[in-house]
Amino acid sequence: MLLGNESARDALAAAMASGALHHAWLIAGPEGVGKGAFARIAAARMLAEGSEPQKLGPGWEVPETTQTAHLIAAGAHPDYRELVRLPKDAAKPEEALARSITIAQVRSLQPLFATKPSLSSRRVVVIDSIDDLERGGANALLKNLEEPPAGTIFLLVSHAPGQLLPTIRSRCRLLRFEPLPAEQVAAILRSELPQASASEIEALVRAGEGSPGRALGFAGLDLAALEGDMAALAETGDPSNAVRSRLAKLLGAKAAQPRYEAFLHRSPSFIAERARTRSGEGLRVALDAYAEARELAGAATGLSLDAGATVFEMSGLIARLSPR
């Protein structure tokens, strides 16, 4: 589902229609807002326009009946390449991915560049994400960006463009993707999670913070219940420690790791939302709690702190928000 960031999509569509399409595009923005999905959709459209334009209608759609769609789906289009992190163990593709896109993967593109495009007037290379390129791979890619092979378009997805080599950024046109409005995130979630309750969709929208991808990563974790517990902490202060003790026991178990991580991610933003409605001393308390919550969430991930104790401490920070 293509929703949001219409201005960025329109800018690329206009460049494609102009007949003077730049050879490298940096599709940049927060994770989970659809950059990678759009890069693949745009790649298919570019290839189809260069080989079977008579079968295309307006917009970005490439019908499944086209040769382009068939070949891309089969991983066999001769004018398309996609570089992503590969599984550490090729025999176990469902397990952990490698830390980087390697220089060997970049060099594997060279035979493609040695010939003219085969089926289309264009060839397209998607790298998702270029942030994952190891340093040698980035330098190898730079040579292709400096002297682009004829007919080649690079679509480079980046979550942190400021960390890329300046020489790479300077050779790309920027397409800036922004977080999506809540109603668009909700529409995507309802499409992807038709069985989810309204309260769960609402909780996922808040946790996603404009990123449908991030929100979908929390699906199935009953965030609505966690939101209810956080609201109880903020409203009552939990004077008996009953809520924070229950949460610590519930989320401290090893099997609860995904919900524990979701709680850590959501807590600082929950506090920030409450801070926006405050002023004076109440605002100062909320801002102090927010700063400590962010620090605690970062430390818990980086230092592998005890989960139960971390949840208890984070719950205490949320409880500070209670009226005094």
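A crossing of two helices is called left-handed if the near helix is turned anticlockwise from the far one by less than a right angle, and right-handed if it is turned clockwise. Helices (H or I, at least four residues) and strands (E, at least two) are DSSP runs, numbered from the N terminus. The structure above is a predicted model, in which local features need pLDDT of at least 70 and side-chain atom pairs count only at pLDDT 80 or more, while totals for chains, interfaces and linings use all residues. Residues are numbered from 1 along each chain as its sequence is written, and side-chain values use heavy atoms, with hydrogens and water left out.

We begin with the chain as a whole. The protein chain has 15 helices and five strands, and its C-alpha atoms fill a box of roughly 70 × 40 × 40 Å, taken along the principal axes. Of its 324 residues, 45% count as buried, where buried means under 20% relative accessible area, exposed means over 50%, and partly exposed lies in between (1.4 Å probe, protein chains only). The chain exposes about 16,100 Å², of which carbon and sulfur atoms supply 53%. If we take the contacts (heavy atoms within 4.5 Å) with a separation of 6 or more, residues 24 or more positions apart account for 70% of them.

We turn next to pairs of helices. Two packed helices are described by the angle between their axes and the distance between the axes. Here the axes are lines fitted to C-alpha atoms, for helices over the stretch in contact, and the angles run from 0 to 180 degrees between N-to-C directions. Helix H13 (257-275) and helix H15 (residues 307-319) pack at an angle of about 15 degrees, with their axes 11 Å apart. H13 is therefore roughly parallel to H15, since angles under 35 degrees count as roughly parallel, over 145 as roughly antiparallel, 65 to 115 as roughly perpendicular and the rest as oblique. The crossing in which H13 passes H15 is left-handed. On the H13 side the contact is made by Tyr260, Phe263, Leu264, Ser267, Phe270 and Ile271, and on the H15 side by Ala307, Thr310, Val311, Met314, Ser315, Leu317 and Ile318. By class, this contact has ten nonpolar, three polar and no charged residues, where Ala, Val, Leu, Ile, Met, Phe, Trp, Tyr, Cys and Pro count as nonpolar, Asp, Glu, Lys and Arg as charged, and the others, Gly among them, as polar.

A second pair is formed by helix H1 (residues 6-18) and helix H2 (residues 35-49), whose axes come within 12 Å and cross at roughly 15 degrees. H1 and H2 are therefore roughly parallel to each other, and H1 passes H2 in a right-handed crossing. Arg9, Leu12 and Met16 in H1 meet Phe38, Ala42, Arg45, Met46 and Glu49 in H2, and by class this contact has five nonpolar, no polar and three charged residues.

In helix H9 (residues 198-208), the buried residues are Glu200, Ile201, Ala203, Leu204, Val205, Ala207 and Gly208. Their cover includes helix H8 (182-192), helix H10 (212-217), helix H11 (223-236) and helix H13. Just after H9, glutamate 209 takes a positive phi of about 50 degrees.

Other places in the backbone also deserve attention. Asparagine 5, in the segment before H1, has a phi near 55 degrees, a positive value in a residue other than glycine, and at 12% relative accessibility it counts as buried. Asparagine 241, in the loop between H11 and helix H12 (242-252), has a positive phi of about 65 degrees although it is not a glycine, and at 28% relative accessibility it counts as partly exposed. The peptide bond from aspartate 128 to serine 129 is cis, with omega near 5 degrees, and serine 129 lies in the loop between strand S3 (123-128) and helix H6 (135-146).

Two single residues complete the tour. Arginine 244 has its place in helix H12 and is buried, with a relative accessible area of 12%. Leaving aside neighbours within four places in sequence, arginine 244 is in contact with Leu233, Gly237, Asp238, Phe312, Ser315, Gly316 and Ala319. Leucine 71 lies in helix H3 (residues 67-73) and, with neighbours within four places in sequence again left aside, is in contact with Ala76, His77, Pro78 and Leu119. The C-alpha atoms of leucine 71 and alanine 138, which are 67 residues apart along the chain, are separated by 28 Å.

How values were computed: Accessible areas come from the Shrake-Rupley method with a 1.4 Å probe; for residues, only the protein chains shown count as cover.
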